[in-house]
Structure formats: structure tokens, C-alpha cells
Amino acid sequence: RCAPRRARAALPRLSAVIDGPHTYKMERLVVGAAWRRGLPATPNRQDALFLFSKGDGAVFNWDVCNDTQKFNHIRGQLKIARKAVLWSLLKRYHAAHPEEPRFMKNSWNLAVPEDCQEFVTMLYHQDLSDPHEVRFISKPTVGGHNGKDLRLLDNQVMAYLRDTFGRAGDCERRPRLIQDLLVNPLLLFERYVFSMRIFMLIARVRPLLVLYHDGYVRTTSTPFANDTNPQGRISNAEKVWDDHGADHPHFLMLPGLERHLRERGLAAEGWVASALRPQLKLCFRQVALATVAELDPSPAFFGVYGADFTLDARLKPVLFEVNYSPEMSEVVRKNLPDPQLLPRMWDEVLAIEEELLLARRQGGVPPAAAIDAIRRFELVYDELAT
């Protein structure tokens with residue numbers, strides 16, 4: 001999408017290649033990397049298809065493609081990024097690992113007959129007597145970015161669905177995902193729902209290598225109310241955010257979140273390191289192991305994913321979704337308390353992938369412990385070490 005702008009700016013050419021339905025891989029030959037390091041050119045196309053774009057402006061100018069997500073893609077990753085498919089794969093994973101905690105709320109894909117029947121049966125066992133009580137949320141199974149097309153469903157709507165679907169015997173194969181609503185979310189500044197954008201790097205599919213990176217927190221602009229207005233639950237409002245007119249900050253970093261919770265007496269010092277990160281990493285491990293069989297194991301491709309979480313009143317993470325195209329635009333970077341978070345993380349991603357590329361050229365497949373470039377990333381899962 002940004003090739004014309006890059007050409008006008010005389011920056012290295014970046015080609016977009018469609019390889020399979022709905023799958024885009026942004027690629028660049030590693031000529032620049034090889035030239036700078038005196039390495040021989042590689043005849044291996046898989047190695048050559050390595051995106052080499054530095055976030056420091058030396059090779060890649062962030063301002064040229066500031067609205068385009070700049071990372072490679074793994075074929076099959078829509079199985080991670082589509083909420084309904086991810087739920088189905090996680091449901092299968094938890095059936096095999098019932099002892100592990102669940103981070104995604106119970107969900108029903110109305111386009112799947114088995115889910116539909118389970119959904120209708122569940123409704124017949126619910127107390128729907130209070131017509132204004134809101135306990136479920138409806139999301140599109142495809143699309144619906146930035147909170148669009150979210151619908152909060154009160155008991156009046158749920159009773160209608162129960163009766164309609166019960167009489168028809170099916171859900172008319174509607175492309176909607178119904179989820180249990182988090183009715184007791186933790187509120188920041190005592191009024192606002194928030195989400196945490198946390199990053200997962202699948203550095204290698206086979207053998208699987210998954211890494212974790214801290215992200216940031218973003219709050220809603222509208223105070224929380226347990227009603228059918230979704231605005232009090234949508235936190236990705238940065239493109240319409242006005243800090244000057246707000247009574248609270250939109251962005252926080254994880255240390256800022258911990259500080260806020262400590263001031264309210266809800267968390268102890270070191271909570272992020274001792275409690276939050278281990279749970280987020282466990283969730284990433286589950287997501288990766290549940291979906292890895294759906295991913296193309298070709299070497300040289302990697303994926304940076306932005307997962308959205310919130311916390312319930314007991315500080316337990318709740319997973320909303322995993323995005324294969326996390327926002328890295330100027331509107332986010334310039335307003336983060338740490339504006340270098342995303343460029344720095346991207347540099348580190350490329351350093352890790354370049355080290356893996358060099359190891360492949362030498363016939364090696366290093367475990368995570370042998371990868372020098374892993375700095376601010378933390379290990380989630382290394383198949384070579386299990």
C-alpha cells in the first residue's frame with residue numbers, strides 16, 4: 001500500500017505479495033543486510049524473503065508508511081486473528097488441557113451448528129426475567145475493527161433470540177460471535193474500562209518459538225455503565241482522542257498501570273513482573289499451541305501480533321482478541337508515555353529474525369537461549385527446550 005510513497009521518498013523498495021487468499025506478506029530481499037555485513041547473497045528464496053526495515057530511520061522512515069503495519073505475515077495466521085476461529089481452537093485445546101486457566105470468555109459462533117445448539121440450550125437455562133440486564137456481547141466473525149458493529153445484548157434481546165432460534169431449531173447460520181460479557185471489569189480512575197495491547201512474536205513456526213513483549217494500556221473516553229451503549233467499553237479511541245479535554249490519560253505503560261493500582265491498594269510492588277506477565281505469557285502459550293498446526297512452517301517468516309486484554313475486578317486477564325495487524329502508526333507512537341516503544345521493539349524483532357536467518361545459512365536452528373538478540377522480549381515457548 002505504501003510503495004508509491006516509498007518510491008517518491010527514494011527509500012528502499014518494499015513489495016507486497018499476495019500468497020494465498022486474504023494473506024499478505026510484506027517482503028524485501030536481504031541485499032542491504034548482506035551488503036552491510038559482507039555476507040554472500042543467498043540463492044534460497046525463503047531466506048531472501050526477509051523483511052529488513054530498521055525503525056531508527058536509517059533504512060526505514062516511519063513517517064512514510066505511518067498508517068501501514070510493518071511486519072511479515074505467516075500464512076494461516078487468520079486462524080489466530082479471527083475471534084470465532086481462535087475460540088474454536090482454544091476450546092479444543094482446553095478440552096485436552098482442562099487443568100489450565102481460560103483467558104477468553106465463553107463464546108458461541110452462530111454460524112457453527114454445534115455452537116448454535118449449545119447457545120440455545122444455554123439460554124433455556126438462563127434467568128432472563130430482568131429485561132434490562134446486560135450479560136452478553138455480539139461481535140462480527142469477520143471484520144469489525146476498532147469496535148465497529150459491537151452489540152451489547154440485554155435480556156430482552158436474549159429472550160427473543162432464545163424463542164426465535166428455539167422455534168426454528170437453528171441459528172440461521174448468522175455470522176456473529178456471542179460471548180459472555182465481562183460484567184465486573186476493573187475500572188481505571190474508578191470510572192473507565194481499559195484494554196492492554198500486549199505483543200506476541202512468533203519468531204519461528206517449526207520448531208515453534210514464541211516470545212512476549214510488554215505493550216501499553218489505553219482507556220475508554222466514556223465512563224463505564226452496564227447498559228447497551230458500547231462506547232463505555234471501546235478503548236481504541238486514540239484517533240479521536242483529545243487529551244486537552246479529557247479528565248484522565250488515554251495511554252499508560254504497564255509500570256504506570258501498576259503504580260495506579262498500588263495507589264488504590266489493589267496491587268503490591270512488583271505486581272506486573274510477579275503476577276501479570278506470567279498470566280499473559282501463559283495465555284500466549286495457549287494461543288500458540290492451539291493454532292500452530294494451522295500455520296505454514298516455512299522458514300524465514302515471522303509474525304508480530306497485538307493481543308488485547310483487560311482485567312476483571314480480581315486482576316485476572318481476560319483476552320478479547322489477537323490482531324495480526326497491530327497499530328504502529330504515528331498517532332499511537334507520539335502519544336505513548338514511551339514513544340520509542342514500537343520502533344525499539346521493531347528493531348529487536350528484526351535483530352532476532354536476522355540472527356535466525358544467519359543461523360539457517362550455517363545449517364543451524366538455535367534454541368532461544370542461544371539467540372543473543374533477545375533483549376526486552378521474554379520467552380513464552382521454545383519447542384527445542386521442551
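Guide: We will go through salt bridges, aromatic pairs and a helix in turn. Keep in mind that this is a predicted model.

Visitor: Let's start with charge. How many salt bridges are found in the whole structure?

Guide: Side chains of opposite charge can pair when their charged atoms come close. Here, a search of the whole structure gives 17 salt bridges. One of them joins K91 and D115, at 3.7 Å from N to O. K91 sits in helix α5 (residues 83-96) and D115 in helix α6 (residues 113-124), so this pair ties together parts 24 residues apart in sequence. K91 also meets E118 in a salt bridge, at 3.1 Å from N to O.

Visitor: Is D115 buried or exposed?

Guide: D115 counts as buried, because its relative accessibility is 7% and buried means under 20%. K91 is partly exposed at 28%, and E118 is partly exposed at 37%.

Visitor: Which strands hold R197 and D308?

Guide: The side chains of R197 and D308 form a salt bridge at 2.6 Å, N to O. R197 belongs to strand β7 and D308 to strand β10, 111 residues apart. R197 is buried, with a relative accessible area of 5%, and D308 is buried too, at 6%. Elsewhere, salt bridges with shared partners join D214, R277, K281 and E378 into one network.

Visitor: Now the rings. How many aromatic pairs are there?

Guide: The count is 8 aromatic pairs. Take Y212 and F284: their centres are 6.0 Å apart and their planes make 45 degrees, a tilted pair. Y212 is in strand β8 (residues 209-219) and F284 in helix α9 (residues 271-291), 72 residues apart. Both Y212 and F284 are buried. There is also one aromatic cluster formed by W108, F119, F136 and F165.

Visitor: And helices? Which residues of α8 are buried?

Guide: An α-helix has 3.6 residues a turn, so residues three or four places apart point the same way. In helix α8 (residues 254-263), the buried residues are L254, G256, L257, E258, H260 and L261. Their cover includes β7 (194-204), β8, β9 (251-253) and α9. After α8 comes G265, with a positive phi near 75 degrees.

Methods
Residues numbered from 1 in each chain as written. Predicted model: local features only at pLDDT ≥ 70, side-chain atom pairs only at ≥ 80, totals over all residues. Heavy atoms only, no water. Phe/Tyr/Trp six-rings, centres within 6.5 Å; stacked < 30°, edge-to-face > 60°. Helix = DSSP H or I, 4+ residues; strand = E, 2+ residues; numbered from the N terminus. Buried < 20%, exposed > 50% of the residue type's maximum accessible area, 1.4 Å probe, protein only. Contact = heavy atoms within 4.5 Å. Salt bridge = Lys/Arg side-chain N within 4 Å of Asp/Glu carboxyl O.
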